[in-house]
Every structure is written in C-alpha cells, then in structure tokens.
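I opened this entry to record what I looked up in the model. My notes follow in the sequence in which I took them.

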Amino acid sequence: MYKSCGAIILLLFSLLCQAAIEVTEEFSHQQGIAFSYSLSNSNAVTQLNDVLWQPHAGQTLNLGLVDEPLWIKTELVNHSNQDFELLMSLDNNLLDKITVYIQQQNHVLMTLALGDTVPLLKRPIKHEAQLVPVHLLANSSKQIFIQIHHQGPLTVSLSLWQQTEYLKYKSRFNLIYGLLAGFMLAMVFTNIALYYFTRKSYFITGACLVSALWLLVIHIYGFSYRYIYADWQWLQQYGQAHLVLLATLLFTPLIWHTVGKQHLTHRAKRSLEITGLVGIAVLLLLSVFSVSTALLISYVVSLSLTAGYLVYTSLGIRAGYPYRTAMLSSCILLLLFLTYQACQALGWLHQAWLEHPVTYLCSLLISMFVSYLLTQQFVVQRDNKFKAQQQKLAASQAEDALLKERLKIQEQASEELEARIDERTFELQVTLRELEDKNRELEKLNMEDALTKVKNRRYFDKRLMMEVRRARREQSTLSIIMLDIDHFKSINDRFGHLVGDQAICAIADILKNAAQRPFDEVFRYGGEEFVMLLPNTQEEGAFEIAEQLRSQVAEFVLRIGEANIEFTISAGIYSAIAADIHNPTLYTDLADKALYRAKQQGRNRVVIYSNEEEMP
C-alpha cells in the first residue's frame, strides 16, 4: 500500500513538473518558454523514467559549471485545426553538443544533432543559431527532449517561433548588427589605407586591433561559424578564448606607439614589453587546456592586462600625454567589455546574450576611439614636422642674409684697405671662390625653366650655336623637332592656368624621358612650345622619335580631381648638315614652318620640312 502511494505521489509530481506550451491559431512567437530540466548521465530518453524533473518558469536557466549533461523536457500542444511549422531556438550559440529527441505520432523519436561540435552543413537548419524544426499537426501534441553537453558554465533559454516571425526577427537583428559590423570593417580598411599612404606602423596596429574585435563579435553572435569557418569546430570552441586574449594583447603595441614612446619611463616600457611577451605565451598555450579552463584563463589574463594598460595610460597622462580622453576611454571600455563578457561566458549573468548588445557597442566604441586616436596623432606629428621644417628654412634664410651681409662688409673693407691688399690676398681668394660658386649656381638657374625644370630658351640659343658649329665641322646631320600643345588655350580657358601649367609639366616629363642619348636635350621654347635638339640624327630617326612622342601624348590622360584631360601635340622637323654657322636660327625657322604646316593639316601629326612645299 505504501509503495502504491509513493508511486502515485511521484507520478503527480512528475505531471506538475511537465511544462506544456499551448499553440493556438493566433500564435506567432514566445520567447522564454517554460520547461522542465534535470541533470542526468542517462544516454537515452527511455532511461529518464526515474529522473526527478525540476520545473523552470521560462527565463534564462543558469546552472554554472556542471559535470553532468543537462536534460530539458517540454511539450507542445496544438488545440487548433491547422498545422504549424515551428522553430524552437536554444538561445545560446556557443553550446558544445545538443541532441534533440522529438516524439512522432507513432511514438518513434526523431533525433537531431546541433551545437559547436556539429559542422554547419550537418545541422537540421544551416544557421548560426541553434534551431530545431518542429512540425506540429492540428489537434495534436509533441513531447521534446533535449540533451546538452557543454564544457564551461551552462546557460540556456528556449524560444518558440512561427517560421515567418523568426525570419522577420532575424532580419531586423542581422540588419542592425550587420551595419555595426560593416562600420567596424570600414575602420579596418581605413587604417590599412592610412598605413599605405603614410607608412606609419601604428595604423597597422589599429587595423589588427579592430579586426580582432570584429572577429570576436561575429564569433560570439555566430556569424563567423556560418560564413567563415563552418567546418572548423575546434576554432568555434576555442575561438572566444583566443580572440579575447588576442584583442586585449593588441593594446600592448597600441600603448607603445601612443603613450609609451615619449611619456613612459624606461622601466615602464620594459614592463610593458614583458607583459606583452607573457600574454603571447599564454595565448599560444590556451589550446592545451580544456575549453572551459582556456576561457577562464583568457578572461583572467585579459582583465589583468587591461588593469595594467590603465596604469600605463595614467602614467603617460601624468607625464603629459595629450590624448587622455580617447586613450583612457578605450581602456575603460575594454575593461567594461571584458567584465561583462566574462560574466556572460562564466555564467554569472542570467540575461540572454543576443538581447543585450553591450559587447557589440563596446567593441564599436573602442574601434572608433582607437581610429580617432591614431589619426589625431598622425595629424599632430605631421604638423610638428612641418613646423620644424619651417623653422629650419627660416634659420637657413637668416644664415643666407647674414652671409650676404658679411660679403658686403668684406667688399667694403677691401675697398678701404687697398694698401694692405697683399696681406689680405688669401682672404680675398676665398671670398672670390665663394662668389664664383654663387655665380655658377645663378648661371645654372638662368639656364633652367622654373616651371618644367628643363633648359630654357636662353640656354637653347647657346647650345644651338655650339651644335651648328659641330655639325659644320664634323659634316654630320643636326635635327630639330619643334613641338606645340594643340588647343592649349581651350585647356586654360576651361580648367584654368594652374591646370594648364600641369599639362605643360606633363609634356616636359614625357619629352625628357624620350631623350635617350647624352647629347639629346629638351628645351622649353616659350609658352606651350618645346624644342628637341638631336645632334648627329638623320631625318628618319628624328621623325621616329617625334612620332613616338605624339603617340605617347595622345595616350596620356592628365587626371585633376575628378576630371580626365586628354590633349595632343603637333611637331615640325628640320634636319640638315649646317652650311652657315652664322645663321643658326635657320633650323628653328624651318622647323617652325613644318610645325605650322602640321597645325594647318589638322594637328596631332608630325611634319618634316621640305623645300618643295615652299615652291609656289
């Protein structure tokens, strides 16, 4: 009799513990459904008859560290006359192994496998969340058993969704968090671009730090398992521990490049280096431990490192570090991020992970502060460098003025002391040599065109006289190519004279690159007109060079902002053995006539001067 009473009491207690979820025609979703749970080493549903089930109201179940598998039991009851396609969600993306048993109409159990240890392609639904499809017939019920194996603190809650409602919910969720992740990724590429243009290594550090935070966030929310390493279960299990410590360790080079170089003592710098090396060693050894132990070690070491970063930052601020707000905010946000995430990962908080985006917001703000900090540091360094150059230039100009004044005084003294000229001979020779050097520099400047840096018209006249005499003496052919930019006035009128000057410089660079031999030389003849002097060059060779130049200019595009400017040149050639050394301008006159014919014939062409064209 006592045995019968005990069995009845046990049955009544079991019925009270059993959680049943009613699904009506108006059902859309229910987050935090009620269930019963038990910790048992049973490996099959049939072995759960004697298990003591405990009811749970439906919020997040937090059991902390447990050694036994968790069994969850719930029942879905459909009182309506329509079938339902439902999704049951286990709201913890990082659970290791989940086995779901769903009772069918013929009392056969359908078994489904989920969790981090199961490849994404083998899950019943290929999604980052732990989803169980449930087909609930009209006027029927289904009992669902869930077995969970997890290394580490065990936190779980259940939600039930209509498929369309879940898609709407996840679409909103993915849109918001996708935008935030995209913004972080944009900051990664911004830091990489800044490194490419500035070659400052701290931008690479910033890019790596933001990348590590981005990988950690998408790992926690399950996106990385879905899109990056779906078949790498080891990384899915150990990824959080490694990424947390990696992101924290990357603050070491950040503090070194920002606070440490100028505002920390030698002892503090040495301590910072040792701290980073110890953290790297721990990072490399994490995979030796179990998942739960590695996670605990990672958060303990990361929090310790962050406390050290706050100390180093405070020391730097006391020593005069200027960007105290950004650097201190980054360290405090990192501490908040690690503390919150450690409480979640170690089971000290009961909230659902996905409903409280503290991790995401802290990562985003850290990325923004770090990017701002590095950019501001580069701007200040650039400004300081520019100021130093300006000061150096001003000092150089002052020295030049002083030198001129000294030379003037020496000249006056030499005029006053002509009687003692023999005693001052050595000083006078030194002064004369300095003056000669200055004169040679001035002469060189007089030979060079200030805009294009090629030789000017004055030097061309001298050089032409020399080459005409040489051609006469050696009886060799001297060739001249006169070149002019077509429709140059329209370029000035449309884009302005500054763009016109850039076009002239671009043509000068193309012409200089075409002068292959030592004696070949390019001159700016005036305005947009150039001349190329080719000693000992036959007419055919000069034509080939001119045609190559015309083709290169025609293919060249000058990019000014968003505008692409294309232009052409025309060229006239005159080649001959010099007959009259007293008339060197004959070459330029006849080459100019050939250039004029090229303009008349439609521009963008090369014309060789011919005597036959002069005949009526």
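In what order do the 5 strands of the open sheet lie? I read the order as β15-β16-β14-β19-β20, with mixed pairing. I noted that the edge strands, β15 (521-526) and β20 (606-608), each pair on one side only. From one strand to the next, the twist averages 20 degrees. Strands here are DSSP E runs of at least two residues and helices are H or I runs of at least four, both numbered from the N terminus. Two strands pair if DSSP finds at least two bridges between them.

Basis of the entry: the model is predicted, local features need pLDDT of at least 70, side-chain atom pairs count only at pLDDT 80 or more, and totals for chains, interfaces and linings use all residues. Residues are numbered from 1 along each chain as its sequence is written, and side-chain values use heavy atoms, with hydrogens and water left out.

I then examined β19 (residues 569-577), which runs parallel to β20 and is joined to it by 3 bridges. I found I608 of β20 to be the bridge partner of I573.

Next I looked up the helices on the sheet. Helix α15 (residues 539-555) packs on it, touching β14 (477-485), β16 (529-535), β19 and β20; contact means heavy atoms within 4.5 Å. The direction of α15 makes about 170 degrees with that of β19. Helix α16 (residues 585-600) lies across β14, β15, β16, β19 and β20, at about 145 degrees to β19. Axes are lines fitted to C-alpha atoms, for helices over the stretch in contact, and angles run from 0 to 180 degrees between N-to-C directions.

I checked the length of helix α14 (residues 497-514). Its 18 residues should span 26 Å at 1.5 Å a residue, and its end C-alpha atoms are 26 Å apart, which agrees; the expected span is 1.5 Å times one less than the number of residues. Among the buried residues of α14 I listed V499, I504, I507 and L511, buried meaning under 20% relative accessible area with a 1.4 Å probe, protein chains only.

Which residues touch the most other members of the largest nonpolar core? I recorded M184, Y221, F251, Y309, M327 and Y360, of 66 residues. Such a core is a set of buried Ala, Val, Leu, Ile, Met, Phe, Trp, Tyr and Cys residues joined through side-chain atoms within 4.5 Å. Helix α3 (201-220) gives the most to this core, with 12 residues. The contacts of M327 include F251, L254 and L373.

How values were computed:
Buried means under 20% relative accessible area, exposed over 50%, partly exposed in between (1.4 Å probe, protein chains only). Lists of a residue's contacts leave out its neighbours within four places in sequence.
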